[in-house]
2 protein chains.
Amino acid sequence: MPAKGASVDADVIVVGAGVIGTAIAWRAALAGHAVIIVDPGGDDPRTDDKASLVAAGMLGPVSESVFGEQDLLNLNLHAVDRFPSFNAELERAAGRETGLRTEGTLAVAYDNGDLAALDRLTEFRHSIGLVAERLDARECRRREPFLAPSTRGGVFAAGDLSVDNRRYLAALRAAAAKAGVRTVRAAAAHVAVGRVALSGGGVLGGPRELTAAHVVVAAGHATRDIDGVPEAVRAAIRPVKGQILRLRHPTGMPHILTRTIRAIVQGHDLYLVPRKDGELVVGATQEERADRDVTAGAVHDLLRDATTAVPAASELVFAEAVAGLRPGTSDNGPVLGPVGDGRLIIAAGHYRNGIMLSAVTADAVAALLDGKDAHAAWAPFRPGRF
Amino acid sequence: MPAKGASVDADVIVVGAGVIGTAIAWRAALAGHAVIIVDPGGDDPRTDDKASLVAAGMLGPVSESVFGEQDLLNLNLHAVDRFPSFNAELERAAGRETGLRTEGTLAVAYDNGDLAALDRLTEFRHSIGLVAERLDARECRRREPFLAPSTRGGVFAAGDLSVDNRRYLAALRAAAAKAGVRTVRAAAAHVAVGRVALSGGGVLGGPRELTAAHVVVAAGHATRDIDGVPEAVRAAIRPVKGQILRLRHPTGMPHILTRTIRAIVQGHDLYLVPRKDGELVVGATQEERADRDVTAGAVHDLLRDATTAVPAASELVFAEAVAGLRPGTSDNGPVLGPVGDGRLIIAAGHYRNGIMLSAVTADAVAALLDGKDAHAAWAPFRPGRF
């Protein structure tokens with residue numbers, strides 16, 4: 001346990017108030033640490049610059065790891081295994097629901113090439129002991145009657161989960177606050193062992209620097225902008241822009257999907273994630289850009305692909321189009337572990353898997369703060385690999 | 001001139017704070033009347049339930065009147081003739097600009113059928129003394145280089161104007177306020193000669209009824225909901241839903257259009273109206289519905305057609321999608337004139353032409369309030385025709 005002196009502001013300073021930073025802060029506080037989160041948006045739900053808020057909340061360990069990325073697959077499997085118990089504890093602690101859904105994912109194909117790809121995916125899932133059920137077109141449409149008649153077949157992955165990313169982040173913030181986590185609305189300009197220097201703007205009249213026994217950097221793509229993070233880590237992280245849509249069922253319209261749909265439509269990877277409250281998330285673009293503009297072209301492409309896969313989506317209300325910046329890395333894996341003497345910890349680069357990995361990331365950082373090792377699945381993802 | 005007794009709240013009560021109602025109120029106040037506007041949204045620019053706020057602000061007298069609607073064409077020509085001087089006076093009075101553009105409209109065609117339709121339109125314009133210039137594809141793209149290569153040809157209408165509908169309404173509201181017009185935030189439930197009964201909600205602690213020498217109903221599609229408006233007029237007015245998009249050039253991107261473009265794309269009428277400030281309005285659906293939901297299908301279709309006509313529109317920022325309810329009528333013409341003894345005046349049903357007709361509507365009502373006749377072009381549009 002870190003020393004708790006009067007000379008420090010907290011035991012742990014977490015830089016970043018997205019799902020990763022907030023999950024870490026909550027678990028650290030539960031473990032008895034005095035925790036401060038530093039974020040330029042504070043914990044204001046209206047500051048929507050978090051990748052966490054632009055996500056769909058799919059928890060699919062296989063579909064998000066490419067063949068050959070065995071280490072990442074292992075980590076994802078560990079993450080999905082852990083998620084439900086973490087989420088249940090979170091819902092109890094926060095006193096609110098996160099919208100976890102357990103109906104699984106149906107991946108659908110529109111031509112023979114897609115079908116062959118799905119068959120390979122099915123074999124792969126079977127080879128690692130996961131359930132995957134090959135369905136013909138008729139069965140796909142029996143289970144999801146609003147799928148386009150052009151559906152050729154599909155694979156049902158019963159084990160995949162999804163969670164409402166916004167409710168999940170709100171629950172984490174509520175639980176963290178109840179556990180005593182304080183939030184300072186400021187940007188971290190520089191981190192070092194034991195201290196975080198804050199940059200101008202948000203802290204008028206506040207401190208210029210915060211001190212703590214441990215500093216955890218969980219600032220997503222912005223991690224690359226923070227001085228004191230090792231150069232190799234900064235260089236490995238890059239923003240990957242994603243645009244998604246939120247559609248909503250008009251009052252009285254039955255929900256058109258009961259589970260997450262994944263499809264390749266005209267070469268584009270598409271997902272449709274239904275929420276219990278009638279929202280349908282459609283995503284997502286992957287763009288090597290750092291702006292957060294929603295573009296006409298992306299909205300068009302997503303709507304074209306969504307209405308191709310599920311024509312009745314045309315009738316849904318267009319509620320929102322948003323863009324976020326995922327924290328990509330040069331090898332697609334997250335970055336987790338101590339740097340230097342262990343009192344500065346990096347937990348970043350979660351790319352498309354931030355929600356799914358948040359629970360095991362929080363567990364891993366809690367272990368590190370306690371002087372223990374993170375779960376073995378994290379071993380390939382230490383900062384020193386770059 | 002109406003009697004100005006201490007027993008009435010105003011000389012003129014105008015029901016409706018859209019462009020029609022506000023233009024009428026402004027001109028009536030300029031003529032020396034004490035004027036009150038009654039509207040459930042007040043003059044709050046955030047209340048976006050006005051068709052005026054969802055419009056593109058095109059002022060094209062011919063393209064908005066179908067062949068054979070000679071009366072409407074005459075009125076539109078009168079309206080476009082009057083608009084610039086009215087607008088100039090408005091800008092001076094309000095101390096703000098409305099974004100009037102005079103670069104004309106380019107109508108483009110993608111196939112021989114469209115071209116033939118454009119040729120008929122050109123002949124028609126010539127026959128009524130309007131300028132219209134037939135352009136080949138090369139010349140269309142010379143003038144608008146971002147038009148799709150599939151453009152087959154077009155017609156340039158130099159006389160067409162456009163105005164930024166939101167700036168225009170804001171200027172009308174500013175000018176009306178400066179001229180002493182007061183606004184009461186309440187819905188009109190019932191109108192009668194000399195009085196307007198207000199419905200609940202918005203007027204807690206306020207009056208239940210307002211009295212005036214004249215009452216003008218300019219409530220757009222909601223005119224059909226107001227008791228005291230003649231039943232035949234109420235029955236003739238219906239809401240016609242329109243959805244439009246507002247795109248915006250990213251910082252530093254040159255504007256992709258210099259003038260209004262009209263096109264028929266895959267059978268859909270499309271317009272693209274550029275603003276000086278970098279906005280590009282894309283419209284519009286025409287739906288026989290009374291809801292104001294923005295739908296995924298409409299957004300998709302508008303973006304598909306816009307990017308078909310001008311592929312570079314894909315690169316624009318998707319700023320907004322909105323839906324409004326135009327006040328349609330059973331014969332597509334507006335409704336203007338007194339009912340009963342002349343102290344109750346209807347000015348509604350402007351359908352797609354509210355912005356264009358606002359100036360001459362205000363002139364006409366000012367004349368009626370003064371005991372004179374409206375311009376002859378209004379004669380076919382009296383309420384008694386239904």
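So, Lys241(B) sits in strand S12 of chain B, residues 237-248; strands here are DSSP runs of E, at least two residues, numbered from the N terminus. This is a predicted model, where local features need pLDDT of at least 70, side-chain atom pairs count only at pLDDT 80 or more, and totals for chains, interfaces and linings use all residues. Residues are numbered from 1 along each chain as its sequence is written, chains are lettered from A and ligands numbered from 1 in the order written, and side-chain values use heavy atoms, with hydrogens and water left out.

Is that lysine buried or exposed? Lys241(B) is buried, with a relative accessible area of 0% (buried means under 20%, with a 1.4 Å probe and protein chains only). Its side chain makes a polar contact with the side chain of Asp291(B), at 2.6 Å; that term means a pair of N or O atoms within 3.5 Å, one able to donate a hydrogen and the other to accept it.

Now, the two chains. Chain B can be laid on chain A by a turn of 180° and a shift of 0.0 Å along the axis, with an RMSD of 0.0 Å. That's the relation of a two-fold axis. In chain B, His300(B) comes closest to the axis, its C-alpha at 2.8 Å. And 100% of chain B's interface residues are also interface residues in chain A, so the copies meet through the same surface.

Last, Phe318(A): among its contacts are Leu245(A) and Val299(A), plus Val299(B) and Phe318(B) from chain B.

Methods
Contact = heavy atoms within 4.5 Å. Least-squares fit on C-alpha atoms with pLDDT ≥ 70 in both. Helix = DSSP H or I, 4+ residues; strand = E, 2+ residues; numbered from the N terminus. Buried < 20%, exposed > 50% of the residue type's maximum accessible area, 1.4 Å probe, protein only. Lists of a residue's contacts leave out its neighbours within four places in sequence.
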